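I opened the model and kept notes on what I looked up, in the order I looked. The entries follow the display.

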Amino acid sequence: MPSRFARRHLIVAAALLMAVAVVVAVIGDPFGGGRAHGNEVNDGGTSLTTVVRESLSSQTASSGTLGFAGSYSAINEASGTLTWLPSVGTIIREGGVLYRVSGAPVVLLTGKIPFYRALWDGMTGADVEQLNHDLVTLGYGRRAELSPTSDYFGGATVEALEALQDHLGVTETGTLALGQAVFLPLRRLRVTAVNGTLGANAQSGGPLLTGSTARRIVSLQLDAAEQADVALGDRVAITLPDNADTPGVVSSIGTVASAGRSSGSPTVPVTVRPLHPSATGSIDQAPVDVAITTGFVKRALAVPIDALLALASGRDAVEEVSPAGRHHLAAVSLGLFDDALGMVQVKGAGLAVGQRVVVPSL
């Protein structure tokens, strides 16, 4: 998609073609008279508008995909028959049951280190530390007795683990056997796929469930040429499949560009966080349109973009009309373009609210 600067020059070029008669008249006769005034269409196929004060915003438009953040696999280490599996879309919280093998629950715990060994009294390590942290977070251990940053499996860990096992309805052994839990780096898992079948043997070492967080995001690929226009925290309008709009903010911007899928132009990944996740529904993935607000200005002097004229010198101008009906070109410098409103911020000597300017009829 052309940048807003490229679009502006396309619009200006079109306006220039329609205003050839006006420019020729300027060269031959600097608006000595004979032009229409008011809001009437003059002999050059133009009309008049006025300079106004307007709040303007610039936007970058793109297509994106609405979905859920992250992708995680629950690797099974238990042996036996699959006797319960969750449905796709189920949200399982830390301390909850992911699935059951031969009737025994496999619990979700939070941690970056995968469950790779059985844990019992007297052991130390980073995996013990994340177990202690979870037991305290879940309320089975008290901070006064069990430090969430301790990497030692002691009596306090045994007692807290037995309290968890009692809650799950299993034998209170005070040890955590391999396969009784799955550690994943999140507090809630939203199941997106189930790879097992009830009644089948649980496959040790394989992904039994895959899931995501329950956090809604919009992912998009932004033209690398527009990356400098977008910043973290920029406001976004998300147009959902039912054409309803909901607000969001830019939450991440990639730093590595890759070739685009269709055009081949380099793109960078951008993530948008919806401000009202409940308004986005529960569809796993859906195409959406996004408009990122990249700039904003309050009460700017503004004219329609179509009113701009490109002079031979390379400068921009508008054709002003005095109260007496006399026409002259006034050089302007350009500020923010609001493509949605079709307006542009202008600055120039003598410009004021209410002044009339010519707009070519495209």
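**Entry 1: L131.** I started from L131 and listed its contacts, leaving aside its neighbours within four places in sequence. L131 is in contact with L109, L119, F153, T157, L176 and F183. I note here that this is a predicted model.

**Entry 2: the largest nonpolar core.** Which residues touch the most other members of the largest nonpolar core? That core has 19 residues, and I found L109, L119, L131, L135, F153 and L176 to be the ones that touch the most other members. I then looked up the elements that give two or more residues to this core: they are strand 7 (104–110), helix 3 (126–137), helix 4 (155–168) and strand 8 (181–184). Helix 4 gives the most to this core, with 5 residues. Another core lies apart from this one; it has 18 residues, including Y99, V182, L186 and L189.

**Entry 3: helix 3 against helix 4.** Two packed helices are described by the angle between their axes and the distance between the axes, so I looked up both values. The axes of helix 3 and helix 4 come within 10 Å and cross at roughly 55°. That angle makes helix 3 oblique to helix 4. I recorded the crossing of helix 3 and helix 4 as left-handed.

Which residues meet where helix 3 contacts helix 4? On helix 3 they are L131, N132 and L135, and on helix 4 they are T157, A160, L161 and L164. I sorted the residues of this contact by type and got 5 nonpolar, 2 polar and no charged.

**Entry 4: V128.** I stayed on helix 3, where V128 has its place. Is V128 buried or exposed? V128 has a relative accessible area of 0%, so I put it down as buried. Leaving aside neighbours within four places in sequence, V128 is in contact with R117, L119, M123, S150, D151, Y152 and F153.

**Entry 5: T210.** I moved to strand 10 (residues 207–212), which holds T210. T210 has a relative accessible area of 18%. The cut-off for buried is under 20%, so T210 counts as buried. Not counting residues up to four places away in sequence, T210 touches Y72, S73, R190, V191, T192, A193 and N195.

**Entry 6: S252.** I found S252 in strand 13 (residues 245–253). S252 has a relative accessible area of 30% and is partly exposed. Its contacts, leaving aside neighbours within four places in sequence, are L232, P269, V270 and T271.

**Entry 7: the whole chain.** The secondary structure of the chain comes to 4 helices and 21 strands. The chain has 362 residues, and buried residues make up 43% of them. Among contacts in the chain with a separation of 6 or more, residues 24 or more positions apart account for 67%.

Methods:
Residues numbered from 1 in each chain as written. Predicted model: local features only at pLDDT ≥ 70, side-chain atom pairs only at ≥ 80, totals over all residues. Heavy atoms only, no water. Core = buried A, V, L, I, M, F, W, Y, C linked by side-chain atoms within 4.5 Å. Buried < 20%, exposed > 50% of the residue type's maximum accessible area, 1.4 Å probe, protein only. Contact = heavy atoms within 4.5 Å. Axes fitted to C-alpha atoms, helices over the stretch in contact; angles between N-to-C directions. Parallel < 35°, antiparallel > 145°, perpendicular 65-115°, else oblique. Left-handed = near helix turned anticlockwise from the far one by under 90°. Nonpolar A, V, L, I, M, F, W, Y, C, P; charged D, E, K, R; others polar.
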